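Subject: Structure handover, with notes on the packing

Dear colleague,

Please find the structure below, together with my notes on what turned up in it. I would be glad if you could read the notes with the structure open beside you.

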Amino acid sequence: MNTNRKIVLITGGTGRLGTPLINNLSKDYEKIIVLTRNTNLKGKNNKISFLNADITKENLGLNSNVYSQLTSNITEIIHMAANTSFTASYQKAALVNIKGTKNILGLAKKTRNLRKFIHFSTAFISGEREGDIFEEGLEHNAGFVNNYELTKYQSELIAREHFSQLPISVIRPVLILTNDSKNIFNVMLDKIKQSKFFIITGCPVTNLHLIPLNSFVKRVSSSLNDLQSGKAYHFANKPDQLMTLRELVAFVEKLMNKKIMIINHKIQLGKLYNLTGQLFHSKTFFSEDKNNYLGGKKQIFSHIEEYLK
C-alpha cells in the first residue's frame, strides 16, 4: 500500500455536523468513506462514497470481505456517530454511544495502517460538575443531566482505555449552534416566541455554552493534523465572553417584547426543565489551545436576531 495515501472512514457523516465537515475535508483526502444506514445516498464527487452499515452490529453489519477491505485500506477514522437525544432512555443512548463506539474501536484495532482516530465526545461529559473544567479532567461522580451526557462520558472512558493501543484524539465541543428548528437553543427561542409568558429555571449568572457550526467545522478541519494522540480538546466559548442567563433574557425580552421569568433554583418542570437544563451551566470550559475558543456573546446575539427575523 502507498503509505502517502489518506483514506478516512467517517461515522455520523450525514448529520448537521457531518455533512459540512465532509465537504470541508474532501480536499484533504484521496477518499472519504461514510458509514450510513441510508442506502440511497450518493457522493457529490468521486472522492466521497457511502457504505451501508450499522455500527451497533457486529462487524458493523458488513460482510467479511467488505470489512476486511476497510481494515486493509483506511488510514484514519473519524467517529462522530451518536444518539444525541436529551430524552433518550439509557438503553437507546448506550446502543449507539457505547456499543457503537466499541465496534468502531474493534475495527480500528484490526486496521493495518491506522494513523489517526478522532473520537467526537462532548464537553458535557462534565455532567453536573461546576466551576472551571479543564481538558485533562474527566472522571467524576457529580452526576449527569441526561443519558446523552452519561453514555458519552462512558464512551470516552472506553476510548481512553485504548490510548496505549491506538492513535486516538478526543474532540469535546460544547453545544453547536445551527440554524435549523431542531437545535435545542432554537427550540427554546421558538417556545418563547409562541408564548405570552415564559419560565426559565436556573441561576441568572449561569453560563450559556454555544459555538457556531461554521466556526467549529472550519477550526476542526484545519486542526486535525495537529491533534496529538492521547489528548482531549475542548472547543468552547472564550471564557471572558460567556453569556449569562440574565443577559440572554434581557436581550430576548427587548427584542421580542416578551416577559420571561427566571426561577432561581432547579425545580422539575418536566419538559421545560429538560430543555433549559441543557443550556445553562455554572461552569467554564478551558482549552490549552486558544484557537479552539470559538466566539461568545456577539455571535449568539447575532444568531438570535437572524433566527427570529
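In the largest nonpolar core, which has 58 residues, the members that touch the most others are Phe 120, Phe 185 and Phe 216; a nonpolar core here is a set of buried Ala, Val, Leu, Ile, Met, Phe, Trp, Tyr and Cys residues joined through side-chain atoms within 4.5 Å, and buried means under 20% relative accessible area, with exposed over 50% and partly exposed in between (1.4 Å probe, protein chains only). Please keep in mind that this is a predicted model, in which local features need pLDDT of at least 70 and side-chain atom pairs count only at pLDDT 80 or more, while totals for chains, interfaces and linings use all residues. Residues are numbered from 1 along each chain as its sequence is written, and side-chain values use heavy atoms, with hydrogens and water left out.

Leaving aside neighbours within four places in sequence, Phe 216 is in contact (heavy atoms within 4.5 Å) with Leu 17, Phe 120, Ile 171, Pro 173, Ile 176, Ile 211, Phe 235 and Leu 294. Apart from this core lies another, of 27 residues, which include Tyr 67, Ile 77, Ala 94 and Leu 107.

Tyr 67 is also one of the buried residues of helix H2 (residues 64-73), the others being Leu 70, Thr 71 and Ser 72; helices (H or I, at least four residues) and strands (E, at least two) are DSSP runs, numbered from the N terminus. The cover over the buried residues of H2 includes strands E1 (7-11), E2 (31-36) and E3 (48-52) as well as helix H3 (90-110). Within H3 lies Ala 108, which counts as buried because its relative accessibility is 1%.

Phe 134 and Phe 286 are stacked, because their ring centres are 5.1 Å apart and their planes are at 20 degrees. This pair links distant parts of the chain, 152 residues apart, with Phe 134 in the loop between strand E6 (131-133) and helix H4 (147-160) and Phe 286 in the loop between strand E16 (283-285) and helix H9 (297-307). Phe 134 counts as partly exposed at 39% relative accessibility, and Phe 286 counts as partly exposed at 24%.

Phe 216 and Phe 235, by contrast, form an edge-to-face pair, since their centres are 5.4 Å apart and their planes are at 85 degrees. Phe 216 is in helix H6 (residues 213-223) and Phe 235 in strand E12 (residues 231-235), 19 residues apart. Phe 216 is buried at 1% relative accessibility, as is Phe 235 at 0%, and ring pairs link these two and Phe 120 into a cluster.

Finally, Thr 122, in the loop between strand E5 (116-120) and E6, counts as buried at 3% relative accessibility. Not counting residues up to four places away in sequence, Thr 122 touches Tyr 148, Lys 152, Ile 171, Arg 172 and Pro 173.

With best wishes

Definitions and conventions. Phe/Tyr/Trp six-rings, centres within 6.5 Å; stacked < 30°, edge-to-face > 60°.
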